[in-house]
Amino acid sequence: MQLEITTKVPCPINCRYCPQDALKKAYKGVDTLSLDDFKLAVDKTPYYVVINFAGFSEPFLNPQAIEMMEYAVQTKHHIHLYTTLVGLKIEDVERLAKIPIDFLCLHLPDNLGNCKISAPNYKDVLYAVLTRLRVDDFSVMNENFVYGTSQKCYAKDNGRVGLLPSGLKTNFAGTFNCKKLILPQFVMLPNLDVVLCCMDFALKHKIGNLKTQSWDDLLTSPEYTRVRKERFDINGTSICRRCKEAVLTC
């Protein structure tokens with residue numbers, strides 16, 4: 001299980017494959033996650049849930065992102081990090097290198113400007129990270145970022161459940177499955193609202209709020225229960241029916 005952390009809304013990097021306009025329109029609340037609220041949410045999250053610093057925005061746009069990572073490790077959580085490095089200061093790379101990050105993926109710019117990185121000292125920060133941290137994967141935000149995960153996947157591209165021009169615009173019919181409906185990968189917003197997954201930029205499926213609810217409340221919430229049951233139906237209204245992660249079972 002994973003809890004993805006959105007540290008700031010909206011993300012000003014605004015990469016081509018990231019529908020920030022839909023997120024900005026749907027989201028209501030503080031724009032930046034506070035360290036105190038992060039600690040409150042993490043304290044309610046079981047230690048076996050991976051804290052994934054990614055969500056709907058670049059983690060380092062929040063100046064307290066490293067403090068959050070350090071706290072997550074202190075509370076015995078494993079952490080993953082997906083980052084463009086925008087917002088990371090070169091003087092903080094050594095501090096970041098001391099954090100036991102279980103999985104680190106760098107999102108790199110491409111030759112077509114899909115990943116809109118224009119940060120001071122970006123090359124210096126990138127070099128420092130590459131020489132001081134173990135990098136597990138790279139994701140170049142070019143046309144190859146649009147892909148299907150399975151031959152049985154109905155939506156063949158990463159169109160963000162219809163929020164991008166390339167995305168599927170109608171719901172498919174049939175029973176389906178998704179790993180995120182078996183082992184949840186919720187996304188938490190700066191106001192501690194929790195939504196279904198990293199495809200839900202329009203915030204269609206609110207699961208709960210970790211300021212007022214527990215982790216168990218999220219797992220048993222009416223909306224999460226409804227979406228999980230819908231995968232056994234022929235038709236439905238969940239965003240899963242426009243998603244590349246949904247694998248048809250009939």
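I begin with helix α5, residues 122–132, which lies across β4 and β5 and runs at about 155° to β4. Please bear in mind throughout that this is a predicted model. The chain averages a pLDDT of 90, and 93% of the residues score at least 70. One stretch calls for caution: over residues 147–151 the pLDDT stays under 50, and the model has 10 contacts there beyond four places in sequence.

Let me turn to the sheet to which β4 and β5 belong. It is an open sheet of eight strands, with mixed pairing and the order β5-β4-β3-β2-β1-β7-β8-β9. Its edge strands are β5 (137–140) and β9, each of which pairs on one side only. From one strand to the next, the twist averages 25°. Within this sheet, strands β3 (residues 79–83) and β4 (residues 103–108) run parallel and are joined by four bridges. As a point of reference on screen, Thr83 stands opposite Leu106 in β4.

Next, helix α2, residues 35–43. Which of its residues are buried? They are Leu35, Asp37, Phe38, Ala41 and Val42. These residues cover an arc of only 160° around the axis, and therefore sit on the same side of α2. The covering of these buried residues includes β1 (2–5), β2, α3 and β7 (185–188). On the face turned away from the buried side, α2 carries the exposed residues Asp36 and Asp43.

I now come to the aromatic residues. A pair of aromatic rings is described by the distance of the centres and the angle of the planes. The structure holds seven aromatic pairs. In one of them, Phe56 and Phe201, the ring centres are 4.5 Å apart and the planes stand at 45°; the pair is therefore tilted, since stacked requires under 30 degrees and edge-to-face over 60. Why does this pair tie together parts that are 145 residues apart in sequence? Because Phe56 lies in the loop between β2 (50–53) and α3 (65–74), whereas Phe201 lies in the loop between β8 (193–195) and β9 (206–209). Both Phe56 and Phe201 are buried.

Another pair is formed by Phe172 and Phe176. Their ring centres are 5.8 Å apart and their planes stand at 85°, so this pair is edge-to-face. Phe172 counts as buried because its relative accessibility is 1%, the limit being under 20%. Phe176 is likewise buried, with a relative accessible area of 2%.

Finally, some remarks on backbone geometry in the loops. Where is the cis peptide bond with omega of about -10°? This bond joins Val9 and Pro10, and Pro10 is found in the loop between β1 and α1 (20–26). Positive phi values in residues other than glycine occur at Lys76, where phi is near 75°, and at Asn121, where phi is near 60°. Lys76 lies in the loop between α3 and β3. Is Lys76 buried or exposed? Lys76 counts as exposed, because its relative accessibility is 63%. Asn121 is found in the loop between β4 and α5, which returns us to the helix that lies across β4 and β5.

Note on methods: Residues are numbered from 1 along each chain as its sequence is written. This is a predicted model: local features need pLDDT of at least 70, side-chain atom pairs count only at pLDDT 80 or more; totals for chains, interfaces and linings use all residues. Side-chain values use heavy atoms; hydrogens and water are left out. Rings of Phe, Tyr and Trp (its six-membered ring) pair if their centres lie within 6.5 Å; planes under 30 degrees apart count as stacked, over 60 as edge-to-face and the rest as tilted. Helices (H or I, at least four residues) and strands (E, at least two) are DSSP runs, numbered from the N terminus. Buried means under 20% relative accessible area, exposed over 50%, partly exposed in between (1.4 Å probe, protein chains only). The arc is that of the directions from the helix axis to the C-beta atoms. Contact means heavy atoms within 4.5 Å. Two strands pair if DSSP finds at least two bridges between them. Axes are lines fitted to C-alpha atoms, for helices over the stretch in contact, and angles run from 0 to 180 degrees between N-to-C directions. pLDDT is the predictor's confidence in each residue, from 0 to 100.
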